[in-house]
Amino acid sequence: MLPDELREALEKQIAHVDHPRELVVDAMLALQDHYGYLSDEAVEQTAAMLGMSALEVEELSTFYTFIYREPVGKYVIHVCDSLICWMDGFESIKNYLCQKLDIEVGGTSADGLFTLLPVCCIGYCDRAPAMLINRKVYGPLTPGKIDQILEKLRSEA
Amino acid sequence: METYPQILLENRKPDHINTLAEYEQNGGYEGLKATLQQHSESDIIQMIDESNLLGRGGAAFPTGFKLKTVATDAPLPRYIVCNADEMEPGTFKDRVLIHTNPHMMIEGIIIAGYSIKAEKGIIFIRPEYESGAKILERELKLAEKAGYLGKNILGSNYALEIVVHRSGGRYICGEVTAQLNALMGKRPNPMQPPPYPTEKGLWDLPTVLSNVETFAYMPHIIRHGPDWFKDLATTDTGAGTKIFCISGKVNQPGAYELPMGIRLSEIINEYAGGMLNGAEFKACLPGGASTGFLPKEHYNIEMDFESLKKVGNRLGTGAIMVFDQHTCLVDATLNLTEFFARESCGWCTPCREGLPYIRDLLARIENGDGEQDFIPILEDMGKQLWSAYCAYAPGAVAPLQSLLRHFREEVEAHIHQKACPFK
């Protein structure tokens, strides 16, 4: 069930636009924030609120990089594997993250805190190698910096 | 080092976002005042057209011409869309602009909106730029409070509302027609014109879509005139300045505003702090991932749209990615192709099927399992991708095609040695 507050906020937003479905990404992101990922229930709720079919929402949810249709950790790490980050050490950064979190790419750490996913160029080529955690950028990365970032996030969790 | 005029990045300071008051102190919103008080809609379009401002998102489409294609009797409401979906690898100028002076692009959107009588403005932004989206939302509110947005802008009859639209994140959303679908809550497949978006865009209504950097120039063109803008370039074929993003094997990667037409060698040696210690320039991608490798023989090329076109390349977004003698360009092309294969929207067969096929052949070559026969297959595949539905696929094979054209020996060395010579 969606909390009334969230539902009302979304409904207010929807009432304000000419075409409800133009808000589909906003709605998916909001429900994802609430549930932790875009669950089946969230897909149906998004569809119902926007007058779309669940299938239409599903088509979009699986299309976009930042919509997660499977459970993810509290912190989603998107590590950039495009050209400049790749030249500047993506492989070793990725391997270090895998080792530190004891997961493979695509996996979630045992404590449920971190999910590691690759992502295409995030537009921080002047700070390569870089990554995003919950859409906040970090870079240029070194193993030492990664230790600090992960520790800080663990302590805040 | 020569000091060139800074137009877009004039008041750039580290970690500082220019406030509305700071922007106003430096001539901000003067262009909009002049627009509303002194100029008709067609005057504005005429000035933009005469300035030769070419779209800075990569396609270099003439901005004035685009504005002209909105018919004066076209239906209302009309839309003005700012493309902040900066997803071309190597490119981060729009991010820098948003974080330096968000009101400049906002003013540009209002001026362009006025010229086509748009009532609705949208800034489409990628999810990786969430901090930028928040900045823009905050500053749009301040602009409205100051009377630059909303009803009766600066006492005129013109009204415009601008909203920020967050993307869910996919490269194809940067393509104009795919972005329109994304904005309408549909799967972001590209659409082939006609009808053109300026005739039937969002919800079948006239829509003009341009890049952040393109909009940011508009207030300056209105204030200082088209001839001033043209003269900023060092070449006759160029106009204005350009924000070049430099990354790779240089000492100071970053975004630098320099005259259109400046030589590549000057950008690298003077502004990017030269090549890294021990590194020699081997090649660069001059304008993002969907341009071709530019070999050393063009190290002194004048960086404008025409000069790059003359050598069979493109200026694209002006994102220069620099490679040195130790960079394996087969491996780099494999990385780029991997990117394109993953980001292909999958709508048409040549792109969806062709890119993974090319990636697999390149991976085999890179890993020492390549055969001489792969080269003509790759050449053929490169050609085939030009028959894909949209411009994404020809861009996606630009690195491959230039690799085979300029660095064939390097590809062949992989095949003959049955290993990557760089590892």
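## Classes of residue

In the counts below, Ala, Val, Leu, Ile, Met, Phe, Trp, Tyr, Cys and Pro are treated as nonpolar, Asp, Glu, Lys and Arg as charged, and the others, Gly among them, as polar. By these classes, the second largest cavity is lined by eight nonpolar residues and two polar ones, with no charged residue. The structure described here is a predicted model.

## Two cavities

When the whole structure is searched, two cavities of 30 Å³ or more are found.

The largest cavity has a volume of about 70 Å³, and among the residues around it are Ile172(B), Pro190(B), Trp347(B), Cys348(B), Tyr389(B) and Tyr392(B). The lining of this largest cavity consists of ten nonpolar and two polar residues, again with no charged residue.

## A sheet in chain B

Strands of a sheet are joined through backbone hydrogen bonds, in either a parallel or an antiparallel manner. In chain B, four strands form an open sheet in the order β3-β2-β1-β4, and their pairing is parallel. Because β3 (161–166) and β4 (207–211) of chain B stand at the edges and each has a single partner strand, one side of each is left without a neighbour in the sheet. From one strand to the next, the twist averages 20°.

Within this sheet, strand β1 (residues 79–84) of chain B pairs with strand β2 (residues 120–125) of chain B in the parallel sense over six bridges, and Tyr79(B) stands opposite Lys120(B) in β2(B).

Methods
Residues numbered from 1 in each chain as written. Chains lettered and ligands numbered in written order. Predicted model: local features only at pLDDT ≥ 70, side-chain atom pairs only at ≥ 80, totals over all residues. Heavy atoms only, no water. 1 Å grid on protein atoms, 1.4 Å probe; cavity = no way out; pocket = protein on both sides within 12 Å on 5 of 7 lines; lining within 4 Å. Points joined across faces, edges and corners; volume = space filled by probe spheres on them. Pairing = 2+ DSSP bridges. Helix = DSSP H or I, 4+ residues; strand = E, 2+ residues; numbered from the N terminus. Axes fitted to C-alpha atoms, helices over the stretch in contact; angles between N-to-C directions.
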